Amino acid sequence: MHSNGTVLVEAEPYTYELSPSQCALLIIDMQRDFLEPGGFGESLGNDVSQLRRTIEPNVRLLEFWRSKGMQVIHTREGHRPDLADLPPAKKVRGKGTSTIGDPSPMGRILVRGEAGHDIIPELYPKDGEPIIDKPGKGAFWATDLHAILQHKGIKQLVVTGVTTEVCVNTTVREANDRGYDCLVPEDCVGSYFPEFQEMGLKMIKAQGGIFGWVSHSDKIISSIS
Ligand code: C5J
């Protein structure tokens, strides 16, 4: 550990200098609708096992973060029960037989308060861990995330969750534009599509870390330990 309290994490494209008191773990959309068999994701024909492999490393990282008293924030993608915040284009996109707001075995798809919208039990938020309900792919759009991070003095984000190329990537880009340094542990993010997993991570760390850094949860944990 440096005298200023930072630790060095081996990462790509180069070492990440992590300040534990200023670094939040931001877990994106680890929701039943995306991860559980029978959920919205699987109903679209996706292979949920590609996302489920991220659960165990996320649990380890989350427990470690909690054990160190570091800031944890969760997000959920979803909409008001009246769907007033659902853009019409998002409702019909994909031309699926079931779309957002429709009934499903886990309640209305991606609607706040429904079972499928909730976070999987393995990563369930604890009291004091803010949950950001977001209507979009990025966690900053139409939410109070930026204000919460500012009030807590957070300048760095370790971003995990699903999916790598959609909500994780969008959030990392939004965070980067707002001045946050983002570190993405590759084992803790997942995509239904292996090629998007690979490219989603490459996009973040390309060009000298154009949006952020990529590492592994083991490296983050051992550096802070
Ligand atoms: C998607 C997400 N893929 N959380 N949502 O629609 O990435």
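Helices (H or I, at least four residues) and strands (E, at least two) are DSSP runs, numbered from the N terminus. The model is predicted: local features need pLDDT of at least 70 and side-chain atom pairs count only at pLDDT 80 or more, while totals for chains, interfaces and linings use all residues. Residue numbers start from 1 along each chain as its sequence is written, and side-chain values use heavy atoms, with hydrogens and water left out.

**View 1. Helices lining the largest pocket.** Helix 2 (40-43), helix 5 (88-92) and helix 7 (164-177) each bring at least two residues to the lining of the largest pocket. Helix 7 gives the most, with three.

**View 2. The middle of the largest pocket.** Out of 29 lining residues, Phe40, Leu44, Glu77, Lys90 and Lys137 sit nearest the centre. A pocket here is an open set of points on a 1 Å grid over the protein atoms alone, where a 1.4 Å probe fits, with protein on both sides within 12 Å along at least five of seven lines; lining residues have an atom within 4 Å of a point.

**View 3. The largest nonpolar core.** This core has 38 residues, and Leu18, Trp65, Val158, Leu183 and Ile220 have the most contacts inside it. Helix 4 (55-67) is among the elements giving two or more residues, and its six make up the largest share. A nonpolar core joins buried Ala, Val, Leu, Ile, Met, Phe, Trp, Tyr and Cys residues through side-chain atoms within 4.5 Å; buried means under 20% relative accessible area (1.4 Å probe, protein chains only).

**View 4. Around Leu18.** Leaving out residues up to four places away in sequence, Leu18 touches residues including Val7, Cys23, Met70 and Ile224. Contact means heavy atoms within 4.5 Å.

Technical notes
Buried means under 20% relative accessible area, exposed over 50%, partly exposed in between (1.4 Å probe, protein chains only).
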